[in-house]
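Subject: Structure for you to look at

Hello,

Here is the structure I said I would pass on. Please open it first, then read the notes below alongside it.

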Amino acid sequence: MNQSSFSLFISDLHLCQSRPEITTQFIAFLHTTAKQAEKLFILGDLFEYWAGDDDISDKHHTDVINALKTLSNSGTKIYLMHGNRDFLIADGFAEVAGLTLLKDPTVVKLYGQHVLLSHGDALCTDDHAYQAFKLQVRDPAWQLTFVNQPLASRKAYIASLRLKSKQEKFTKTMEIMDVNADAVTNLLRQYNYPKLLIHGHTHRPNQHRLTVDGHLAIRWVLGDWYEQGSCLKLDDTGCVAQAI
Ligand code: LP5
Ligand code: MN
């Protein structure tokens with residue numbers, strides 16, 4: 001049993017075979033820092049992409065899954081929310097990795113306060129092209145058709161999508177790809193003014209203080225794991241960002 005009472009939040013690791021050092025760093029993090037935590041929240045884009053749960057047996061994936069399962073068995077509760085790259089992670093993955101899938105958004109009560117969790121892409125409402133794309137690929141019927149295609153074809157399609165995404169991002173301003181202030185306000189209002197909102201996706205780690213209808217809130221943005229690991233620690237004294 002873990003005696004310490006703190007939770008950790010991470011997102012945007014984008015684990016993939018071509019950056020093995022990040023996977024090594026993540027597995028080391030699971031065996032050390034995360035093992036001390038009561039709960040670990042992974043808020044999307046754990047993987048560079050996820051083509052379907054039939055890709056679980058890939059060696060890179062089993063290394064990650066085994067490390068997650070070991071952590072879960074040691075007593076740390078693990079929660080995973082989908083990102084825009086790995087929303088096809090399903091119950092099969094959750095089962096073997098020993099974690100619980102969370103819907104986006106979710107409110108959790110931790111150390112006496114309500115914390116609103118999201119991947120963050122839903123808040124980027126000025127990115128109309130992305131939101132239209134998201135609407136299409138999150139349709140369950142569309143997803144069923146997609147996952148019924150051979151794994152190799154799905155991976156080839158995802159590769160072409162990644163290329164398209166990179167090209168499109170050149171045409172979008174940083175403002176368009178950031179969260180929309182009204183979307184943040186509306187979400188906090190809708191969830192009854194939690195004091196903390198934690199999300200990733202934009203890869204712009206920071207803390208933003210805001211007031212919504214007279215209620216103070218802090219929006220914490222998680223960092224990605226491209227250059228180094230990054231996580232947020234929450235206990236009964238509050239939140240602190242940590243490099244790994
Ligand atoms: O991911 P990132 O950081 O590059 O950019 C995101 C948004 N892009 C995406 C697309 C993903 O990168 C693609 C990979 C997803 C894998 C999913 C797995 C399986 C499902 C398969 C579904 C087909 O999420 C990007 C945002 C950016 O974040 C910032 O918020 O701007 O949004 C886009 O780039 C979307 C484009 O603007 C619109 C895309 C239209 C694609 C139309 C289909 C073209 C088909 C081409 C194939 C021949
Ligand atoms: Mn994302």
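How do the residues of the lining of the largest pocket divide into nonpolar, polar and charged? There are 17 nonpolar, six polar and 12 charged residues in that lining. Please keep in mind that this is a predicted model.

The largest pocket

This pocket has a volume of about 900 Å³. Its lining is made up of 35 residues, and those nearest the centre are Asn 84, Arg 85, Tyr 130, Arg 162 and Ser 165. Three helices each supply at least two residues of the lining: H4 (residues 128-137), H5 (140-147) and H6 (151-170). The largest share comes from H6, which gives nine residues.

The ligand

What takes up the space of the largest pocket? Ligand 1 does. There are 23 residues around ligand 1, and the ones that come nearest are Arg 85, Asp 127, Arg 162, Glu 168 and Lys 172.

- Arg 85 has a polar side-chain atom 2.6 Å from an oxygen atom of ligand 1.
- Arg 162 has a side-chain N or O atom 2.8 Å from an oxygen atom of ligand 1.
- Lys 172 has a polar side-chain atom 2.8 Å from an oxygen atom of ligand 1.

On its own, ligand 1 has 1,100 Å² of accessible area, and the protein covers 84% of that. The elements giving two or more residues to the shell around the ligand are H4, H5 and H6. Which of the elements gives the most to this shell? H6 does, with eight residues. By class, the shell around ligand 1 holds 13 nonpolar, four polar and six charged residues.

The second largest pocket

The second largest pocket has a volume of about 240 Å³. It is lined by 15 residues, with Lys 103, Asp 104, Pro 105, Lys 134 and Arg 138 nearest its centre. Eight residues of this lining are nonpolar, three are polar and four are charged.

Is the peptide bond from Asp 104 to Pro 105 cis or trans? That bond is cis, with omega near 0 degrees. Pro 105 is in the loop that runs between strand E4 (100-102) and strand E5 (106-110).

One more backbone detail

Asp 12 is not a glycine, yet its phi is positive, near 55 degrees. You will find Asp 12 in the loop between strand E1 (7-10) and helix H1 (20-31).

Regards

Terms used
Residues numbered from 1 in each chain as written. Chains lettered and ligands numbered in written order. Predicted model: local features only at pLDDT ≥ 70, side-chain atom pairs only at ≥ 80, totals over all residues. Heavy atoms only, no water. 1 Å grid on protein atoms, 1.4 Å probe; cavity = no way out; pocket = protein on both sides within 12 Å on 5 of 7 lines; lining within 4 Å. Points joined across faces, edges and corners; volume = space filled by probe spheres on them. Helix = DSSP H or I, 4+ residues; strand = E, 2+ residues; numbered from the N terminus. Nonpolar A, V, L, I, M, F, W, Y, C, P; charged D, E, K, R; others polar. Near = heavy atom within 4 Å. Polar contact = N/O pair within 3.5 Å; in protein donor to acceptor, adjacent residues only side chain to side chain. Areas by Shrake-Rupley, 256 points an atom, 1.4 Å probe, with all protein chains shown as cover. Sits in = over half its atoms within 2 Å of the grid points.
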